[in-house]
Amino acid sequence: MPRQIFQLKMSLAGVRPPVWRRVLVPGGYTLDRLHRVVQHAMGWRDCHLHSFEIDGTQYGEPDPDGELSLRDELDSRLDAVLGKGSRLRYTYDFGDWWEHDLVVEDAFTAEEGERYPVCLDGARACPPEDVGGPSGYAVLLSALADPAHPEHEAMREWVPPGFDPEFFDPGRASTLLRRFC
């Protein structure tokens with residue numbers, strides 16, 4: 001049976017200018033593997049908890065204390081819970097609360113000889129970890145853009161060396177996806 005491929009667009013909610021990625025992933029991936037795709041395509045480091053919401057149902061890593069009602073993401077394949085046109089929400093870092101809107105833009109048969117997952121396109125760098133969510137990222141961008149900003153020097157020293165909020169390389173993202181997903 002031919003493999004089904006989903007074309008997903010991931011957009012980071014609440015961030016301007018927009019940060020987004022377009023990726024191709026096998027429909028046989030579990031939500032756990034989709035989590036890794038989001039992490040590597042966006043540029044996160046997987047340092048925090050996460051969850052998915054699909055049609056009002058929460059998915060993620062099971063809570064050992066039983067306090068969170070989540071379906072196990074390891075037991076949920078994309079092709080079982082999603083289809084063309086589906087929308088889902090991925091939340092990363094429950095402190096900073098990064099919400100990602102994901103849309104299944106297309107579903108098609110895998111091309112023979114093509115390797116998946118792959119990042120087709122995207123815009124702008126992912127915000128640094130622990131910057132304080134969308135509002136903290138807005139402050140960071142403002143401080144970096146204005147040498148007269150009172151936090152300009154501190155923020156410049158805090159961001160990773162070479163951080164450019166406008167830069168995104170889909171080829172590098174694809175390399176990471178193929179290596180770690």
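**Entry: Ala41**

I looked up Ala41 and found it in helix α1. Helices here are DSSP runs of H or I with at least four residues, strands are runs of E with at least two, and both are numbered from the N terminus. I noted that this is a predicted model, where local features need pLDDT of at least 70, side-chain atom pairs count only at pLDDT 80 or more, and totals for chains, interfaces and linings use all residues. Residues are numbered from 1 along each chain as its sequence is written, and side-chain values use heavy atoms, with hydrogens and water left out.

Is Ala41 buried or exposed? I have Ala41 as buried, because its relative accessibility is 1%. (Buried means under 20% relative accessible area, exposed over 50%, and partly exposed in between, with a 1.4 Å probe and protein chains only.)

Next I listed what Ala41 touches, leaving aside neighbours within four places in sequence. The contacts are Met10, Arg21, Val23, Phe168, Ala173 and Leu177. (Contact means heavy atoms within 4.5 Å.) I also checked Thr175, which sits 134 residues from Ala41 along the chain. Their C-alpha atoms are 9.6 Å apart.

**Entry: the largest pocket**

I turned to the largest pocket, which holds about 690 Å³ of space. A pocket is found on a 1 Å grid over the protein atoms alone: it is an open set of points where a 1.4 Å probe fits, with protein on both sides within 12 Å along at least five of seven lines. Lining residues have an atom within 4 Å of a point. Grid points are joined across faces, edges and corners, and the volume is the space filled by probe spheres set on them.

I found 24 residues in the lining. Met42, Gly43, Ala125, Cys126 and Arg172 lie nearest the centre of the pocket. Which helix gives the most to this lining? It is α1, with 4 residues. Helices α1 (31-42) and α5 (170-180) each supply at least two.

I sorted the lining by type: 14 nonpolar, 4 polar and 6 charged. (Ala, Val, Leu, Ile, Met, Phe, Trp, Tyr, Cys and Pro count as nonpolar; Asp, Glu, Lys and Arg as charged; the others, Gly among them, as polar.)

**Entry: Glu73**

I found Glu73 in the loop between β5 (71-72) and α2 (78-81). Glu73 is buried but has no salt bridge. (A salt bridge is a side-chain nitrogen of Lys or Arg within 4 Å of a carboxyl oxygen of Asp or Glu.) How far away is the nearest side chain of opposite charge? That side chain is Arg36, at 7.7 Å. (Lys and Arg count as positive, Asp and Glu as negative; His and the chain ends are not counted.) Beyond four places in sequence, the contacts of Glu73 include Thr30, His50 and Phe52.

**Entry: salt bridges**

I counted 9 salt bridges in the structure. Asp79 pairs with Arg77, and their closest N and O atoms are 2.5 Å apart. Glu99 and Arg89 meet at 2.6 Å, N to O. Glu99 lies in strand β7 and Arg89 in strand β6, so this pair ties together parts that are 10 residues apart in sequence. Glu99 counts as partly exposed because its relative accessible area is 23%.

I then found a network in which salt bridges with shared partners join Arg89, Glu99 and Asp101.

Most residues other than glycine have a negative phi, and most peptide bonds are trans. I looked for exceptions.

A cis peptide bond joins Arg16 and Pro17, with omega about -5°. Pro17 is in the loop between β1 (4-12) and β2 (20-26). The bond from Tyr116 to Pro117 is cis too, with omega near 0°. Pro117 is in the loop between β7 (98-109) and β8 (118-123).

For positive phi I noted Asp93, at about 65°. Asp93 is in the loop between β6 (87-92) and β7. Asp93 is buried, because its relative accessible area is 5%. Arg124 has a positive phi near 65°. Arg124 is in the loop between β8 and α3 (133-145). At 23% relative accessibility, Arg124 is partly exposed.
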